[in-house]
Amino acid sequence: MTRGGRRVRYPPDPVMETTIPRVPGVPLLGNALDLARDPIGAMTRAYQAHGPVFEIAIPGRRITILAGQDANLLFNTLGSDTLQLQPIYGKLVEETRSARYLPTLDEPDYGYYRRMIKPRMSRESLGAHLPEAVGVIRDAARGWRAGEQVPVLDLMTRLCVEIIGRATQGTPVGAELDDIVLFTKRLIGSGVAFQPAFLLRLPDYLRARRRFEAFLQRIVDEHRARPGDDLVDLLLQAKTPEGEPLEGHDLLAYVHLPLVNGVAYAPRLCGYLLYELLRAPELLRRVRDEADALFAEPELTLAGLRRMRWLYGACMETLRMYPIAGALPRYVAKDFAFGGHTIRAGQMVFIATGVAHFLPALYPEPRRFDPERFFEPRNEHRQPGAFAPYGLGPRTCLSAGMGEALIMLVTATLLHHVELALPRPDYELRSEIDPIPGPHKRFRVRVLGPRAAPS
Ligand code: HEM
């Protein structure tokens, strides 16, 4: 295969015995400080210094990282016989009390459940609820007064999870949100992101888990009493590969999927996108014009949303510049060769999918926010292995279409209805890992006033 005039060895080299380079760090902490400040930035620098395979250290552990365009291409092709999740996601099984919880499964069960639930977590599931979703966003904005400062991550989390709950389960989330957020952060923090396990034994978490499970059970009971046609109805009809109904904690672990994943990604991207738009007046004007045109149409549709060229480019550019899950963990079940090294079975590695997003060979001036990268004829993201905000390979995000439409809908509706501004014109957004990377919780936007009469 040839890329940019460079011949790329793919499939990769045969198995070789070599020493994987270590990224220099400081005593005891290793590379932890750099990683905490800007994980993908640190891994991009390490890739540029050491090549596509390197080892980083955090207290108590050394971890092998595979990064760059070739790592993404490889990740796209390696199957569940080589890269697995079940051996490293034991905590998730414990906390959901389900050995059938999707993120912890490998083939053949993984593909079975994924195919089963995907249709009810799609873009079209959101498309069937567009007016209701717009109502949720408008109602939130209606209460704002001019001069008020709105905390962005809280707002976006409330909007995204509320809309996802209604679109996939026909259920308002309302005051249950705080428990869902606390549960999600601890589950990801201690289950995936190396936070201490004792956090999963603290009373606040145990209380949130208990209440969240009770909420999930109420959702199930209401669907049993009044059947419909959403994800929960599908789960109630579903059978396990052994032909048994899905029940108990296995059932609840599937009902929880849209809510927990709804907390993790889309709200953070909505926050970053709003920041990038509010700091670029010309881009903001273009997106706002598109939003006004969208709401002037007789009916709000997914096709209409997708026609918003500048908003689409800005949304994709946000996915590129802010990879929320830019390094994905996998357990190596079988030796394989990559980048001149043997990646040995029996260890956890991270595939730093987000590093490719910052390589100048793929994206000129990679630190510049430039929505036109995604327009014809540039299409920089279409280069193989260049764009991976949803992961790669057989277990990419199940709801990428819904996520993208949701981010565009929330942004278009807010910009159509309200005039917002950054706290100061020169405001610089800081990110925070809590334990999911996202806009800092202190990021607020100023409400200047309403724009359009509610339609
Ligand atoms: C637009 C924002 C989103 C982004 C960037 C995103 C990204 C991702 C990523 C990186 C993964 C992990 C893939 C892996 O481990 O290889 C993932 C998995 C998943 N996402 Fe998304 N996601 C988004 C929105 C959503 C939404 C809104 C939902 C649900 C309504 C959702 C549901 C899921 C599920 C169920 C999985 C687990 C699939 C599995 O375990 O294989 N995602 N997503």
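Two strands pair if DSSP finds at least two bridges between them. Helices (H or I, at least four residues) and strands (E, at least two) are DSSP runs, numbered from the N terminus. The model is predicted: local features need pLDDT of at least 70, side-chain atom pairs count only at pLDDT 80 or more, and totals for chains, interfaces and linings use all residues. Residue numbers start from 1 along each chain as its sequence is written.

**View 1. An open sheet of 5 strands with mixed pairing.** The strand order is β3-β4-β10-β7-β5. At the edges lie β3 (53–58) and β5 (83–84), and each pairs on one side only. β3 runs antiparallel to β4 (residues 61–67), joined by 6 bridges. I58 has its bridge partner, R61, in β4.

**View 2. The shell around the ligand.** The shell holds 28 residues; N261, G391, C397, S399 and G403 come nearest. α13 (257–264), α14 (266–278) and α18 (400–417) each supply at least two shell residues. The most come from α18, with 5. By type, the shell has 20 nonpolar, 6 polar and 2 charged residues. Here Ala, Val, Leu, Ile, Met, Phe, Trp, Tyr, Cys and Pro count as nonpolar, Asp, Glu, Lys and Arg as charged, and the others, Gly among them, as polar.

**View 3. The largest nonpolar core, with 91 residues.** Such a core is a set of buried Ala, Val, Leu, Ile, Met, Phe, Trp, Tyr and Cys residues joined through C-beta atoms within 7 Å. Buried means 20 or more other C-beta atoms within 10 Å of a residue's own, exposed means 12 or fewer, and partly exposed is in between, with C-beta atoms placed from the backbone. C160, L406 and V410 have the most contacts inside the core. Beyond residues up to four places away in sequence, V410 touches I137, M156, L159, C160 and C270. Contact means C-beta atoms, placed from the backbone, within 7 Å. Another core lies apart from this one; its 35 residues include L35, V355, A356 and A386.

**View 4. Helix α12 (residues 248–255).** 6 of its 8 residues are buried, so α12 is largely enclosed by the rest of the structure. The buried residues are D250, L251, L252, A253, Y254 and V255. Among the elements that cover them are α4 (90–96), α5 (109–117), α8 (152–169) and α10 (203–225).

**View 5. L302 in helix α16 (residues 302–306).** L302 counts as partly exposed because it has 17 C-beta neighbours inside 10 Å. Setting aside neighbours within four places in sequence, L302 is in contact with R123, G127 and A405.

View 6. β11 pairs antiparallel with β14 (residues 444–450) over 4 bridges. The partner of V418 in β14 is P450.

**View 7. Backbone details in loops.** The E107 to P108 peptide bond is cis, with omega near 5°. P108 sits in the loop between α4 and α5. The bond from E376 to P377 is also cis, with omega near -10°. L28 is not a glycine, yet its phi is positive, about 70°. L28 counts as exposed, with 9 C-beta neighbours inside 10 Å. F194, in the loop between α9 (177–191) and α10, has phi near 65°.

Key:
Near = placed C-beta within 6 Å. Contact = placed C-beta atoms within 7 Å.
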